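Here's a quick walk through one protein model, from the overall fold down to a few side chains. Have the viewer open as you read.

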Amino acid sequence: MRPLWLLMALLALSQALPFEQKGFWDFTLDDGMLMMNDEEASGADTTSGAPDLDSLPPTFSAICPFGCHCHLRVVQCSDLGLKTVPKEISPDTTLLDLQNNDISELRKDDFKGLQHLYALVLVNNKISKIHEKAFSPLRKLQKLYISKNHLVEIPPNLPSSLVELRIHDNRIRKVPKGVFSGLRNMNCIEMGGNPLENSGFEPGAFDGLKLNYLRISEAKLTGIPKDLPETLNELHLDHNKIQAIELEDLLRYSKLYRLGLGHNQIRMIENGSLSFLPTLRELHLDNNKLSRVPAGLPDLKLLQVVYLHSNNITKVGVNDFCPVGFGVKRAYYNGISLFNNPVPYWEVQPATFRCVTDRLAIQFGNYKK
């Protein structure tokens, strides 16, 4: 039954994009969406759905690599201590799970004949080398999960059918221009946990991509990259070393619904810098070094969730969150977190939160020096 469960989980992946990764198969579940009431807030837009299993040729049930479990075109070969990609994989396979093994190299013919493969899972191996034609047979591959390996570069010649790439927790320091060339269907890239600095992104590295979701968390960024795809709905740069948001840092990203900048070292957000985000629904600025509520929040008419906890905010003004007058804000707040700040919350005027749906949506207190 486990292979069947894996397939059902994979089909669910095509319906949503993630915010916080928990376990392997549930990292596309989006807890943050519970705080939003706008159906557009997710920014998810899968280019195409899961494979139509009924349209594929009959399964070759007699073909299954030794030690693996094969069922309903799912081949599960995880946790077997494999050194190489196994042979004798059925040509009608749509999901190949090779996670938690000891594979160190992907060779030219490792995936030969797997023209129906929809998802390839290579998480937590020791892969450091990939042949330039290793992925050539995978003409229908949409999901490639190759996180937690030893890669020092983005794999070359990725399939043009690819929709989702998970390559976090590797050793990648550079993203060269043209590495994503021809990937017109790609809408989600997770590349956090790599030692990437701002200088590691060559100009034009993301040219041609129309991404909805990009995560570069737990890297070595000191500022917001200025050459990312302008189509982004979600951008997550948490757990970096960003110190400030300057006026034009966000100019290119006017389509953002959600911006994650938590766990950085941000002390200053220049006045007017948030005005370039007219569709923003959720803003994460928690665990930084801000001394005041960022200017410009009342002008974001669709903003519903603001995380400002664990900063150095000492004062909250009556007009820091809500616009003056009625009928200006199109969506009321349903989440404002201010706990773990040295602000005397008993001095905050009730009118400060006049555009909040419910008082329970406001989180105060619990400050520890």
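## The big picture

The protein has 1 helix and 18 strands. Keep in mind that this is a predicted model. Of its 369 residues, 52% are buried. The protein exposes about 17,100 Å², and carbon and sulfur atoms supply 50% of that area.

On the contact side, take the pairs with a separation of 6 or more: residues 24 or more positions apart account for 52% of those contacts.

## An annotated stretch

## Salt bridges around Asp102

Side chains of opposite charge can pair when their charged atoms come close. Searching the whole structure turns up 12 salt bridges. Three residues, Lys83, Asp102 and Lys126, are linked in a network of them.

Let's take that network one link at a time. Asp102 and Lys83 meet through their side chains in a salt bridge, with 3.9 Å from N to O. Asp102 lies in the loop between strand E3 (95-97) and strand E4 (105-106), while Lys83 lies in the loop between strand E2 (74-76) and E3, so this pair ties together parts that are 19 residues apart in sequence. Asp102 also makes a salt bridge with the side chain of Lys126, at 3.7 Å from N to O. Lys126 sits in the loop between strand E5 (119-121) and strand E6 (129-130), so its pairing with Asp102, in the loop between E3 and E4, ties together parts that are 24 residues apart in sequence.

Lys83 has 57% relative accessibility, which puts it in the exposed class.

## A buried pair

Are Glu164 and Arg166 buried or exposed? Both Glu164 and Arg166 are buried. Their side chains meet in a salt bridge, at 2.7 Å from N to O.

## Nonpolar cores

The largest nonpolar core holds 86 residues. Leu106, Leu120, Met191 and Phe321 are the ones with the most contacts inside it. Apart from that core lies another one of 7 residues, among them Val74, Tyr118, Ala119 and Val123.

Which residues does Leu106 touch, not counting those up to four places away in sequence? The list for Leu106 runs Val85, Phe111, Leu122, Ile127, Lys129, Ile130, His131, Ala134, Phe135 and Ile146.

## A closer look at Leu261

Leu261 has its place in the loop between strand E13 (258-260) and strand E14 (268-269). At 0% relative accessibility, Leu261 counts as buried, because the cut-off for that class is under 20%.

Leaving aside neighbours within four places in sequence, Leu261 is in contact with Ile224, Leu237, Asp238, Ile242, Ile245, Ile266, His284, Leu285, Asp286 and Asn288. Take Ile224 from that list: Leu261 and Ile224 are 37 residues apart in sequence, and their C-alpha atoms are 9.4 Å apart in space.

Conventions:
Residues numbered from 1 in each chain as written. Predicted model: local features only at pLDDT ≥ 70, side-chain atom pairs only at ≥ 80, totals over all residues. Heavy atoms only, no water. Salt bridge = Lys/Arg side-chain N within 4 Å of Asp/Glu carboxyl O. Helix = DSSP H or I, 4+ residues; strand = E, 2+ residues; numbered from the N terminus. Buried < 20%, exposed > 50% of the residue type's maximum accessible area, 1.4 Å probe, protein only. Core = buried A, V, L, I, M, F, W, Y, C linked by side-chain atoms within 4.5 Å. Contact = heavy atoms within 4.5 Å. Areas by Shrake-Rupley, 256 points an atom, 1.4 Å probe, with all protein chains shown as cover.
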